[in-house]
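The overall build of a chain is taken up before its contacts with a partner.

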Amino acid sequence: MADRNLGELLSADRVLLGRSAADREDAVRQVGEVLVTSGAVSAGYVDSMVQRDGDVSTFVGEGVAIPHGTLAGRDLVLQDALCVVQFPGGVDWHGDEAVLCIGIAALGDGHVPILARLAELLMEPDRAAALRSAATVDDVLELLAPEETPRPEEQSA
Amino acid sequence: MPSIDASEVRKVVIACDAGMGSSVMLASTVRKQLKDSPITVEHTPVDHIPDDADIVICHAGLAERARAVVPGRVVVPFQLFIGDPAVTKVVAALRSGGTIDG
């Protein structure tokens, strides 16, 4: 995984493809459970993710939402981690349609390069479509890997 | 409504509730767009906006909280993470000069 610069943040076991969700809250809870199962957060973090997304939508465009906890929920993060859950059937997200969720648990800024990569990718419609419709876990990891090893100032920014 | 001339801006802060998701993504985009300027771009939780922030950019749903944290400062609300006209306008002013209201 080191060659992809994803480090410990996003591992193959935290990428789930072809899932379905009854509604937005169900989707957020499924995303949260991946983080709980992998030991990145305490179970209570999932409620804080549901609350955060209820307060202000975490939909970021191009069919992607980035559910994460509230500031208070940050105390329930055990280690920085990301996860990806794909819902090919789409989930109504405050009026938008999300087909891919990137769950975030972060105490520090180690995940910043990956989210920066996501932001770039979402501005390129072809690549955004490739991410939404990714057929393999490897495709997802490849698309989200930052191109360069993060520089120290970006990690501490 | 507070306003600031682009030439006086040293620090732009992108704020969201927890400072771990949406603000991170938008900050990375804005930082890239301003990489040739001396302006610092940071992302923080809305309750921890630093006092030396010249401009605060945050989701429309958090704008009132941001204004309470740094009263009198320019707060620019946005709705869209990609291509929001409000953010585009701020970046354009920071790059080529102008007044930013918020």
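A residue is called buried if 20 or more other C-beta atoms lie within 10 Å of its own, with C-beta atoms placed from the backbone. The model is a predicted one, and in chain A the buried residues make up 46% of the 157 residues.

The secondary structure of chain A consists of six helices and five strands, and when the chain is read along its sequence these elements follow the pattern β-α-α-β-β-β-β-α-α-α-α. Because its radius of gyration is 14 Å, close to the 15 Å that the globule rule gives for 157 residues, chain A is as compact as a globular protein of that length. Of the contacts in chain A between residues at least 6 apart in sequence, 70% join residues at least 24 apart.

| Property of chain A | Value |
|---|---|
| Radius of gyration | 14 Å |
| Span of the C-alpha trace along its principal axes | about 40 × 35 × 25 Å |

Turning to the partner chain, 24 residues of chain A are in contact with 18 residues of chain B. On the side of chain A that touches chain B, helix H2 (45–55), strand E2 (59–61) and helix H3 (112–122) of chain A each supply at least two residues, and H3(A) gives the most, with six residues. Sorted by class, that side of chain A has 14 nonpolar, six polar and four charged residues.

How values were computed: Residues are numbered from 1 along each chain as its sequence is written. Chains are lettered from A and ligands numbered from 1 in the order in which they are written. This is a predicted model: local features need pLDDT of at least 70, side-chain atom pairs count only at pLDDT 80 or more; totals for chains, interfaces and linings use all residues. Two residues are in contact if their C-beta atoms, placed from the backbone, lie within 7 Å. Helices (H or I, at least four residues) and strands (E, at least two) are DSSP runs, numbered from the N terminus. Ala, Val, Leu, Ile, Met, Phe, Trp, Tyr, Cys and Pro count as nonpolar, Asp, Glu, Lys and Arg as charged, and the others, Gly among them, as polar. The radius of gyration is taken over C-alpha atoms; the globule rule is 2.2 Å times the number of residues to the power 0.38. A residue is buried if 20 or more other C-beta atoms lie within 10 Å of its own, exposed if 12 or fewer, and partly exposed in between; C-beta atoms are placed from the backbone.
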